[in-house]
Amino acid sequence: MRLIPFALLMLCGAIQAAPEAVSLEQAGVLYEQHCQSCHGANRLGGAGPALLPESLSRIKPDEARAVIHNGRPASQMAAFGDRLNPAQIDALVSYLYQPAATPPTWSDADIRASQRILTDVDTLPNTPQHSADPLNLFVVVEAGNHHVRILDGDRFEELANFQSHFALHGGPKFSPDGRFVYFASRDGWISLYDLHNLTMIAEVRAGLNTRNLAVSNDGRWVLVGNYLPGNLVLLDARDLSLVKHIPTLGADGTQSRVSAVYTAPPRDSFVVALKDVKEAWEISYAGEPDFQPRRIVAADFLDDFSFTPDYRYLLATSRKALGGQVIDLDTGKAVTDIPLPGMPHLGSGIYWKRGGNWVFATPNVSKGLISVLDLQSWELIKEIPTEGPGFFMRSHLNSPYAWTDVFFGPNNDAVHLIDKQTLEVAHTLRPMPGKNAAHVEFTNDGRYALLSVWDTDGALIIYDARTLKEIKRIPMNKPSGKYNVGNKIEFAEGTSH
């Protein structure tokens with residue numbers, strides 16, 4: 001038997017041994033050495049995004065590991081795989097998903113100090129400086145590389161492409177005339193972009209973890225709802241300067257995060273759902289407002305909501321509710337429970353006329369079905385089975401179909417087209433087999449439907465909405481959503497708000 005020299009055995013052992021475990025304390029040192037200059041001393045962000053658990057909630061740890069190791073294309077995020085071993089990267093990821101030792105704060109002074117005026121809007125032309133129909137532009141959020149693309153909705157050609165802040169969330173919102181678009185990022189940055197001149201106007205950091213924003217129907221105000229710190233921040237829509245912050249305290253003094261905020265145009269008000277107290281708020285912006293909330297007691301904690309077409313009733317649900325509830329915004333009273341199983345995603349629900357009456361349909365993030373409600377009786381008309389849980393629904397006044405994805409599960413490459421009168425699945429499309437298909441939006445006239453394939457090697461696919469023939473395919477990196485200016489500012493039937 002041949003003996004292997006001891007020194008060689010030791011060398012082989014050293015080669016095969018896994019790197020020693022790295023403590024969280026050591027990971028904190030690694031953060032200071034490699035990350036702090038871009039992401040801030042307290043992980044609050046700087047040139048790079050905030051790296052707090054709240055900000056990273058949509059990023060899985062495995063994806064965070066890959067970004068640290070490989071970097072992120074088309075961004076300032078460098079690759080650290082040649083400087084950090086796997087154990088160090090694992091520890092660093094664990095550190096980033098740990099709550100901060102000292103709860104972070106973001107004051108009015110911090111908000112004001114963060115404001116940046118990038119272009120003097122008064123020096124710009126107030127008419128479109130491009131040949132596209134301003135009401136048929138699409139704002140496309142490309143989540144895979146944190147970019148925004150502006151598309152001409154007639155020719156489906158790109159007019160602009162620019163870097164966004166980290167993880168835009170909640171969908172962009174528009175000024176009433178469609179000239180300006182407002183973005184909210186997961187880590188609190190609010191950006192104002194001029195679609196007439198294709199240029200960024202201003203930005204401000206309104207919080208550390210932002211849920212979404214809403215724009216008043218008179219174009220004067222932007223209201224931002226935050227998870228961290230839990231509050232509302234009111235901005236001047238012209239330049240994003242701070243007007244005031246509104247603490248989100250329940251009637252009993254309980255601090256709450258904000259689940260959602262939307263504008264209710266016929267009511268000249270914002271409607272706010274609170275995450276941690278059983279209240280909804282209505283905040284009027286009519287005339288010279290004082291922005292004092294009108295409290296509406298809810299039957300449960302609210303997670304998301306939608307409106308009836310006349311904006312009198314709020315259809316709301318929460319992750320703890322067995323279904324949902326209807327709230328009369330005129331009386332401030334809960335009217336009835338909604339008989340919905342699983343976890344309906346009411347914020348993506350849509351309504352249309354069926355047999356002369358309004359119906360409301362919502363996808364469900366935990367069950368493979370679409371629930372359809374009668375908006376007069378609040379009764380469940382039908383549960384339409386799908387190939388899996390879904391997230392988004394869209395339609396158009398000129399389309400016979402409601403398009404819904406199968407966002408979760410093994411069949412997430414499917415999109416169902418539901419006949420709005422028979423409430424049956426009329427067609428099922430698989431735009432790119434094996435890749436997640438989601439989020440449809442129509443051109444302003446309803447002639448074409450744009451569908452996203454959420455994949456690194458994904459695409460924006462344009463269909464003739466009548467024949468369902470594919471018209472064009474534009475390669476994109478996880479195009480998470482696309483938003484038609486006209487449909488959004490008209491609060492068009494079939495478009496969630």
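Which residues form one aromatic cluster with Trp454? In this predicted model, the cluster consists of Phe391, Phe392, Phe407, Phe408 and Trp454.

**Aromatic pairs**

The count of aromatic pairs comes to 20. Two of them are set out below.

| Pair | Geometry | Centre to centre | Angle between planes |
|---|---|---|---|
| Phe307 and Tyr311 | tilted | 4.8 Å | 35° |
| Phe391 and Phe408 | edge-to-face | 5.9 Å | 80° |

Phe391 and Phe408 link distant parts of the chain, 17 residues apart. Phe391 sits in the loop between β24 (380-385) and β25 (393-394), and Phe408 in the loop between β26 (401-405) and β27 (415-419). Phe391 counts as partly exposed at 24% relative accessibility, and Phe408 likewise counts as partly exposed, at 30%. Phe307, by contrast, is buried, with a relative accessible area of 3%, and Tyr311 is buried at 4%.

Helix α2 (residues 24-34) and helix α5 (residues 86-96) have axes that come within 8 Å and cross at roughly 90°. The two helices are therefore roughly perpendicular. On the α2 side, the contact is made by Leu24, Ala27, Gly28, Leu30 and Tyr31; α5 contributes Gln88, Ala91, Leu92, Ser94, Tyr95 and Leu96. Of these contact residues, eight are nonpolar, three are polar and none is charged.

In helix α4 (residues 61-70), the buried residues are Ala64, Val67 and Ile68. Seen down the axis of α4, they fall within an arc of 95°, so they line one face of the helix. Their cover includes α5. Asp62 and Asn70, on the other side of α4, are exposed. Just after α4, Gly71 takes a positive phi of about 80°.

Conventions:
Residues are numbered from 1 along each chain as its sequence is written. This is a predicted model: local features need pLDDT of at least 70, side-chain atom pairs count only at pLDDT 80 or more; totals for chains, interfaces and linings use all residues. Side-chain values use heavy atoms; hydrogens and water are left out. Axes are lines fitted to C-alpha atoms, for helices over the stretch in contact, and angles run from 0 to 180 degrees between N-to-C directions. Helices (H or I, at least four residues) and strands (E, at least two) are DSSP runs, numbered from the N terminus. Angles under 35 degrees count as roughly parallel, over 145 as roughly antiparallel, 65 to 115 as roughly perpendicular and the rest as oblique. Contact means heavy atoms within 4.5 Å. Ala, Val, Leu, Ile, Met, Phe, Trp, Tyr, Cys and Pro count as nonpolar, Asp, Glu, Lys and Arg as charged, and the others, Gly among them, as polar. Buried means under 20% relative accessible area, exposed over 50%, partly exposed in between (1.4 Å probe, protein chains only). The arc is that of the directions from the helix axis to the C-beta atoms. Rings of Phe, Tyr and Trp (its six-membered ring) pair if their centres lie within 6.5 Å; planes under 30 degrees apart count as stacked, over 60 as edge-to-face and the rest as tilted.
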